Amino acid sequence: MVDSRPENVSYSSIPSGRHKGKTHIIIVGAGIIGVCTAFYLTRHSKFDPEKYHITILESKRVAGGASGKAGGLLALWAFPQQIVPLSFQLHSDLSEEFGGEDEWGYRRLTTLSVQGDISGQGIKGKEKSANTQQRKSAVTKNSIQVKSDLETEPSTLPESLNWIDKEFITEWNQLGNEQTTAQVHPYKFTTYILKECLKSEAVELLIGKVDDILFDEETGHCNGVFYSPSSTKAVYDQSIGKKYELEGDKVIMSIGPWTTKILPDCPISGLRAHSITIKPKEPEIAPFAIFSELKTGPRKFASPEMYARKDEIYVCGEGDTTVPIPETTDDVEIVSEKCDELLNYVSCISSNIRNGKILKTQACYLPVVDIPSSSGPLIGETNVPNLYLASGHSCWGINNAPATGLLMSELILDGEAHTCDISALDPSLYFDASLIYDSENDSEEVEEEDISGDTEDEDDDENEEDDNDITAAFRVRQ
């Protein structure tokens, strides 16, 4: 299990108090989106550590979800195209500045789509359409089609691709070259950038689970969060701790598929993806990303993806929605059979993998935007003033994190995003952030402690009246 406390990263469950008297920016979620947002905020020309303070709240583990378990593919042909070119360039710039090749495995790749037949090897695959023409022109990346404009090549693969057994490949085409595709190790990238944030001393990391948004009862504006301190080792249990109020001037939600646990009307769901990492038998691994379509039987195909890192090969499969989003990233269910299937499929076309050693079996949830007219992400201020959203990046969260962070810094400190036109990604167009769940828990007494510096007691009568005003599945925060 990945440690939530990377080397030299300090954290607490109670704020230091350094935010008092300053403009306080709260970022919920210490994944790659939240961390990049904090990073670019500290680099903005208007950011003054004497005037601003950033608190990152993480329920369990830094990069505990897809930010630590994704493949880390970067591509100029990703989506949405409003931000992809910027983000691809920012990844390159960050690598050059901080030595990303050594620190987080940044390198350029060649990306191929391959088709093969492993049906004679006794492997059972999931039944899929046998439309040959479709398989020649597109490849599916976690249920999202990536089209290729290049012609299908003969069966002879590039000579430099030394970890795929060419005799099982029938056709292939090139999706990207070293000018258009690259990779990072997501966990290493996220934790490195977080360390850079913490060096400013204007950023602090709190381990605590946000339970709700704090609203000003007169204006309806967001002015903080309710959260419960949580242990990185123990299972979260709301009954064992207090619920705290943490006031903030701006609140940014960057918790991916967990967004709807706080903002139930938000059209973001979770797609679970299993993956494995393998240490191949031969240590020299040519830099390729492979999208495969493998025939496993009559009208049956499997589509594992393989990304060659410097010292391991990452393999992932198609996503599923069979299990709802759990409480935290620690609670994500890993189905061992799905990981075994992945290994069996790729072992059929790679003796280097077959004779290698499994390092990890894991699963994570990708945040998918459920809007027919948009593939996401949603970036910007919601219809609740001072409450922002940066989520719904699907399988391109690693790719688009730097651009998202930069754009969020502009929205927070300039009042608008000017590097890219992200008007179509405005979350206020798609849902009402003022809605909350109708729950029996709303009427239960919760011990709260105000750690914002405000010592005035809450009006108990007003709270009781509000608790009793629940008449539907959702209600509007007052």
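Okay, Lys-46: with a relative accessible area of 44%, this lysine is partly exposed. For the accessibility words, buried is under 20% relative accessible area, exposed is over 50%, and partly exposed is in between, with a 1.4 Å probe and protein chains only. Before I go on, this is a predicted model, where local features need pLDDT of at least 70 and side-chain atom pairs count only at pLDDT 80 or more, while totals for chains, interfaces and linings use all residues. Residues are numbered from 1 along each chain as its sequence is written, and side-chain values use heavy atoms, with hydrogens and water left out.

So who does Lys-46 meet in a salt bridge? The partner is Asp-414, at 3.1 Å from N to O. By salt bridge I mean a side-chain nitrogen of Lys or Arg within 4 Å of a carboxyl oxygen of Asp or Glu. Lys-46 sits in the loop between helix 1 and strand 2 (52-58), and Asp-414 in the loop between helix 9 (397-413) and strand 22 (435-437), so this bridge ties together parts that are 368 residues apart in sequence. Helices here are DSSP runs of H or I with at least four residues, strands are runs of E with at least two, and both are numbered from the N terminus. Asp-414 is partly exposed too, at 25% relative accessibility.

How many salt bridges does the structure hold? There are 8. Another one joins Arg-43 and Glu-97, at 2.3 Å from N to O. Arg-43 is in helix 1 and Glu-97 is in helix 3, so that contact ties together parts 54 residues apart in sequence. Arg-43 is partly exposed at 43%, and Glu-97 is partly exposed with a relative accessible area of 43%.

Now, buried or exposed: what about Arg-309? Buried, at 7% relative accessibility. Arg-309 forms a salt bridge with Glu-312, with the closest N and O atoms 2.7 Å apart, and Glu-312 counts as buried at 10%. There's also a network of salt bridges linking Lys-209, Asp-211 and Glu-327.

On to the rings. The structure holds 12 aromatic pairs. To count, rings of Phe, Tyr and Trp (its six-membered ring) need centres within 6.5 Å; planes under 30 degrees apart are stacked, over 60 edge-to-face, and the rest tilted. Take Phe-39 and Phe-98: they're edge-to-face, 6.2 Å centre to centre with 70° between the planes. Phe-39 is in helix 1 (residues 32-43) and Phe-98 in helix 3 (residues 84-98), so the pair ties together parts 59 residues apart in sequence. Phe-39 is buried at 3% relative accessible area, and Phe-98 is buried at 14%.

Then there's Trp-104 with Phe-189, again edge-to-face, at 5.1 Å centre to centre and 90° between the planes. Trp-104 is in the loop between helix 4 (100-103) and strand 4 (107-108), while Phe-189 is in helix 6 (residues 186-199), 85 residues apart. Trp-104 is buried at 0% relative accessibility, and Phe-189 is buried at 0% as well.

Trp-104 comes back in the core. Which residues of the largest nonpolar core touch the most other members? Of its 56 residues, they are Ile-54, Ile-56 and Trp-104. A nonpolar core is a set of buried Ala, Val, Leu, Ile, Met, Phe, Trp, Tyr and Cys residues joined through side-chain atoms within 4.5 Å. Several elements each supply at least two residues of this core, including helix 1, strand 2 and helix 3, and helix 9 gives the most, with 9 residues. Apart from this core lies another, of 31 residues, among them Ile-213, Leu-263, Ile-268 and Leu-378.

Last stop, strand 15 (residues 288-297). Of its 10 residues, 9 are buried, so strand 15 is largely enclosed by the rest of the structure. Strand 15 pairs with strand 5 (residues 110-117) in the parallel sense over 8 bridges; strands count as paired if DSSP finds at least two bridges between them. In strand 15, Lys-295 stands opposite Asp-117. Strand 17 (residues 305-308) pairs with strand 15 antiparallel, over 3 bridges, and Phe-291 stands opposite Glu-305 there. Strand 16 (residues 300-302) also runs antiparallel to strand 15, joined by 3 bridges, with Leu-294 opposite Ala-302. That hairpin of strand 15 and strand 16 has 2 residues between the strands, and Arg-299 takes a positive phi near 55°.
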